[in-house]
Amino acid sequence: MTTRRAIPAVGRILDALGHFPLPRPLITNLVRQHLAVLRKSESVPSFDEIIRNLHAALDDLALTKLQPVINGTGIVLHTNLGRAPLGVSAAESLGAIAQQYNNLEFDLPSGERGYRAQYLEQCLALLCEAEAAMVVNNCAAALVLILRHFTRRKRQVIISRGELVQIGGGFRIPDILEASGAQLREVGTTNRTTLADYREAIGPETALILRVHRSNFAMSGFVESVKAEELVELARKKRLPLVEDLGSGAVVATEQWPQVDHEPTPAETLRGGVHLVCFSGDKLLGGPQSGIIAGQARHVAALKREPFFRALRCDKLILAALQTTVEHYLVGEAEAAVPILTQMRATPNELTARAEKIIAQLRGWAVPPVIGPGRSQLGGGTLPGSALESVTLDFVLKSADDFARRLRRGKPPVIGYRAGGKFKLDLRTVLPAQDDFLIAALQAVASAGGP
Ligand SMILES: *Cc1c(COP(=O)(O)O)cnc(C)c1O
């Protein structure tokens, strides 16, 4: 029988690990956990191997830290990659508010207590052509607040089966409804809902009619849904509030972008007679994570009086970034100042010019990348039927998996995708200011053994 190697002491391991750019308690904790596993295992590896394994585990731990990445996926609003990046001035306003006292709830004209987001709400109302607007944490929070408010006395919410959607990981409209205490009354079928379906479902327990914009999937073929104006008329006759969850909340005409469908705006939806709309601040609006509710003033005022609103309200940093983003729209500067709008406008020619410049700066590649075609998507549960012609850097590799892994571990990490046996980086979603960082990250992989 071979004797089992002794488990090394924590102190000796920490010395051998040397400096690592993570807080010491995290490193010690990781070492202790690692040793606890070794104590239970059959055999103990050599000291050098333990150190190697710990280095790899520390590298992985450091990569889990929230940090900037380069998005080469071609998905403009990638929920896993933080959705919309903020513009320079939105980020600056956030920084300024973060580092100083501010008038969050102080009314400077009177010197008395003021109201949070007063100015922003006015800007949002103008942008949405609504009587009033308010802001909460995200669109899911907006829905919860609306549902809780309207289903206090009567519980039933009418919604078409075709709109019971799942948006991204774990966000399901039916679950939100139930979590809010509302009772779901589904009408129609997945592909067909008629006005009669709605009409027949309305009863004494009906509190609200909810429409959900199907922003993350497209349905075609034998599809029938009720026209907005018919539903507005029905809600009016039955004296029921009609709420629409727009999800992505485009306030610009998205059909101006080639190959992109029209996305209903809050203004046109409200003009059509819907009482309240809600949408995300960090999707097509291009702001920070937030949820915006806009519509009839009496409903917005009642929602703001809900005690639960307190639990959903936004922090001053979010309000600062959103305020600057919304002002960009109001002064007509959004196309230049809101990054996702700039990305959507980039033409294949502009992207090709950037690709050529990047390739020209790569040195010592046996097989340099070539320029290829790409299809960018809005993603993030937005405009499913739309894909924009784009430009990619295409890498032909022995192991695309290994290359992708090394780029993810780069400084900064770079995320791409695989298609047709190639590894691709879509330049539409790489922010132009990141081109030099992308070159450096690619160069680092090349000099560490090449792609
Ligand atoms: C994205 C989306 C949501 C969720 O928005 P969050 O801001 O992420 O909470 C809700 N409804 C629809 C229709 C969406 O597209």
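# A walk through a predicted protein chain

The largest pocket is lined by 44 residues, and those nearest its centre are Val 69, Leu 81, Pro 85, Leu 431 and Gln 434. This is a predicted model, in which local features need pLDDT of at least 70 and side-chain atom pairs count only at pLDDT 80 or more, while totals for chains, interfaces and linings use all residues. Residues are numbered from 1 along each chain as its sequence is written, and side-chain values use heavy atoms, with hydrogens and water left out.

The pocket comes first. On a 1 Å grid over the protein atoms alone, a pocket is an open set of points with protein on both sides within 12 Å along at least five of seven lines, where a 1.4 Å probe fits; lining residues have an atom within 4 Å of a point. The volume of the largest pocket is about 1200 Å³, a volume being the space filled by probe spheres set on the points, with grid points joined across faces, edges and corners. Its lining divides into 24 nonpolar, 12 polar and eight charged residues. Here Ala, Val, Leu, Ile, Met, Phe, Trp, Tyr, Cys and Pro count as nonpolar, Asp, Glu, Lys and Arg as charged, and the others, Gly among them, as polar. At least two lining residues come from each of strand E1 (70–71), helix H14 (334–337), helix H15 (339–345) and helix H16 (348–360). H15 gives the most, with four residues.

These elements belong to a protein chain with 18 helices and 15 strands. Helices (H or I, at least four residues) and strands (E, at least two) are DSSP runs, numbered from the N terminus. The C-alpha trace of the chain spans about 85 × 55 × 50 Å along its principal axes. Of the 451 residues in the chain, 48% are buried; buried means under 20% relative accessible area, exposed over 50%, and partly exposed in between (1.4 Å probe, protein chains only).

Helix H1 (residues 10–17) meets helix H3 (residues 47–63) at an angle of about 65 degrees, with the axes 10 Å apart. That makes H1 roughly perpendicular to H3. The axes are lines fitted to C-alpha atoms, for helices over the stretch in contact, and angles run from 0 to 180 degrees between N-to-C directions. Angles under 35 degrees count as roughly parallel, over 145 as roughly antiparallel, 65 to 115 as roughly perpendicular and the rest as oblique. The crossing of H1 and H3 is right-handed, the near helix being turned clockwise from the far one by less than a right angle (left-handed if anticlockwise).

The loop between helix H17 (400–408) and strand E13 (414–415) contains Pro 412. Gly 410 lies in the loop between H17 and E13 and has a relative accessible area of 15%, so Gly 410 is buried. From Gly 410 to Ala 440, 30 residues apart along the chain, the C-alpha separation is 9.3 Å. Ala 440 sits in helix H18 (residues 435–447) and is partly exposed, because its relative accessible area is 44%. Between Gly 410 and Thr 206, which are 204 residues apart along the chain, the C-alpha atoms are separated by 55 Å.

Glu 129, in the loop between helix H5 (118–127) and strand E4 (132–136), has a positive phi of about 50 degrees although it is not a glycine. Arg 239, in the loop between helix H9 (228–237) and strand E8 (242–247), has a positive phi of about 55 degrees and is not a glycine either. Arg 239 has a relative accessible area of 76% and is therefore exposed.

Val 187 is part of strand E6 (residues 183–187) and is buried because its relative accessibility is 2%. Gly 286 occupies the loop between strand E9 (276–280) and strand E10 (291–295), and its relative accessibility of 2% makes it buried. Gly 286 and Asp 197 are 89 residues apart in sequence and 36 Å apart in space, C-alpha to C-alpha.
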